[in-house]
Amino acid sequence: MLTSYLPLLVLLIVAVGLVGVFTILASLLGPSRPTPEKDIPYESGLDPASSPKIHFNMQFYRIALLFLVFDIEAAFFYPWAVLYRDLSCKGQVIGGACHGGATAFGILVMAVFLTILILALTYVWRKRALEWD
Amino acid sequence: MLTFIIATAIKVVFFVVLFGLTLSAILTWMERRQSAMMQDRLGPVRANIGKVRLWGLLHPLADALKLVVKEDFRPPHAYRALYVLAPMLALLPALLVFAVIPFGPPVCIDQLGAALADVGGMCKPDQLHYLQIANLDIGLLFVFGIASLGVYGAVLAGWSSNNNYALLGGLRAAAQMLSYEVTMGMAVMGIFLVYGSLEPMSIVEQQSTMLDWGIVKQPLGFILFFFAAIAETKRAPFDIPEGESEIVGYFVEYSGTRFMVFYLGEFIEIVFVGTLITTLYLGGWQFPGLASDGFHSFFGFNVNWLMPHWAVVALQMGAFVTKVFIVCFFQLAIRWTLPRLRYDQLMALGWKGLLPASIFNVVLTAAVMLALQSVK
């Protein structure tokens with residue numbers, strides 16, 4: 001079972017090797033001639049006016065939280081989506097075709113979960129957490 | 001075991017290094033030629049080795065050479081370790097996601113070395129070869145898991161540069177990539193519903209006729225997924241994080257080879273989006289009308305052109321590469337077609353437009369599938 005993941009290890013080694021070669025090339029081939037002007041942080045040619053250690057906009061944090069909630073909820077959908085053909089079939093699913101009648105079980109199960117998800121999105125929307133100002 | 005590892009290594013070299021890296025190098029040239037043509041100028045055509053010019057196709061080589069021998073500038077105000085790590089983290093996920101993309105049908109190679117079709121699962125397991133680096137049941141879950149790691153490259157580049165512009169650019173890039181990832185995960189759900197699998201090879205095998213293609217069964221899902229994928233790769237019209245000349249982005253303090261790694265990562269992502277959209281929505285390696293022993297119908301005409309299986313496989317791989325190329329071409333052409341979105345418009349489109357639309361697409365798909373089931 002785990003052998004099907006072995007190719008990933010091979011790919012990882014090749015990819016890390018490739019990325020490593022680029023990084024080593026950078027320090028091997030490129031010359032380094034620092035000057036005081038070059039060492040100043042770039043700010044369109046002016047001397048930096050402030051330190052980048054700032055309190056960044058709250059909205060970014062809010063987006064990160066929303067992402068966490070909605071992406072995890074999307075992940076809960078995946079097994080349901082894969083099994084949907086079986087869940088909405090009374091009999092057995094053979095080769096993708098249902099033998100036996102249809103049932104609304106699959107869609108109803110998800111309707112409950114989806115309602116909560118949509119309610120959450122509406123709440124977030126109404127609370128103006130998606131606005132950017 | 002050893003032959004298995006060697007076979008995998010060969011596949012990695014062919015699919016990722018030869019196909020992925022070469023196509024992305026060609027795309028850097030194609031993007032500039034395309035923009036030049038749209039603006040009525042010539043674009044890069046002058047790079048040459050002696051008399052050989054190849055319409056400018058040598059420019060990617062010249063660019064790489066130039067960037068590699070440029071000064072290796074590491075700003076003293078940056079956090080060194082993370083500054084070096086960030087471009088590596090940006091490129092690595094873009095290479096890893098190629099693992100599950102099927103480049104061709106499963107091939108059965110018998111003791112005599114002849115290629116046969118795997119008809120009805122008759123092939124012995126040790127003779128069955130996938131033209132896919134890893135045949136994972138969770139294939140697409142792996143893709144989305146790894147692809148979401150790409151955000152670290154942008155965030156760490158912005159933060160470790162210790163530069164006002166870079167930090168803001170990094171934050172904007174992170175928020176954009178996170179927002180559109182939700183849409184992407186939701187939009188692709190329609191495909192899982194229709195094909196009942198997370199495994200790309202099985203999804204492609206179910207798209208045997210053009211009417212079974214994902215784009216036919218999931219037209220809304222295709223559009224939503226395409227938009228979200230372009231936003232994920234930070235391409236125009238969603239290119240606020242890196243808008244090259246006007247907006248200072250998260251890799252402002254990077255130059256030379258380290259900049260090249262970011263740039264390469266972006267173009268490999270374009271190629272990857274091309275392969276993913278081809279696999280999910282455009283029938284992957286399926287050649288319209290081509291069965292495993294040749295053509296029985298050719299665009300509506302009844303024919304009986306039989307051909308050896310290796311020729312079928314070659315045609316199918318050719319079909320895959322052609323489709324990927326067309327999707328990549330389209331991604332590049334969008335750049336000079338649509339104006340860039342403002343940042344608040346971008347976030348509004350993601351959360352208030354595409355996300356509700358993709359949830360609607362899931363409900364619609366499920367309802368239609370149930371209705372079709374009941375009619376039968």
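Student: Before we start, what should I know about the model and the numbering?
Tutor: The model is predicted, so local features need pLDDT of at least 70 and side-chain atom pairs count only at pLDDT 80 or more, while totals for chains, interfaces and linings use all residues. Residues are numbered from 1 along each chain as its sequence is written, chains are lettered from A and ligands numbered from 1 in the order in which they are written, and side-chain values use heavy atoms, leaving out hydrogens and water.

Student: Okay, how many aromatic pairs are there over all chains?
Tutor: A search of the whole structure finds 31. Rings of Phe, Tyr and Trp (its six-membered ring) pair if their centres lie within 6.5 Å; planes under 30 degrees apart are stacked, over 60 edge-to-face, and the rest tilted. Tyr79(B) and Trp159(B) are a stacked pair, at 4.7 Å centre to centre with 10° between the planes.

Student: Where do Tyr79(B) and Trp159(B) lie?
Tutor: Tyr79(B) is in the loop between helix 2 (59-68) and helix 3 (80-96) of chain B, and Trp159(B) is in helix 5 (residues 150-160) of chain B, so the pair ties together parts 80 residues apart in sequence. Helices here are DSSP runs (H or I, at least four residues), numbered from the N terminus.

Student: And how exposed is each one?
Tutor: Tyr79(B) is partly exposed at 29% relative accessibility, and Trp159(B) is partly exposed too, at 43%. Buried means under 20% relative accessible area, exposed over 50%, and partly exposed in between (1.4 Å probe, protein chains only).

Student: New topic: which residues touch the most other members in the largest nonpolar core?
Tutor: Among them are Phe77(A), Trp80(A), Leu27(B) and Phe192(B), in a core of 137 residues. Such a core is a set of buried Ala, Val, Leu, Ile, Met, Phe, Trp, Tyr and Cys residues joined through side-chain atoms within 4.5 Å. Helix 11 of chain B gives the largest share, 14 residues.

Student: What is Trp80(A) in contact with?
Tutor: Leaving aside neighbours within four places in sequence, Trp80(A) is in contact (heavy atoms within 4.5 Å) with residues including Leu87(A), Met110(A), Leu193(B) and Val362(B).

Student: Is Phe238(B) buried or exposed?
Tutor: Phe238(B) is buried, with a relative accessible area of 1%. Phe227(B), by contrast, is partly exposed at 34%.

Key. Helices (H or I, at least four residues) and strands (E, at least two) are DSSP runs, numbered from the N terminus.
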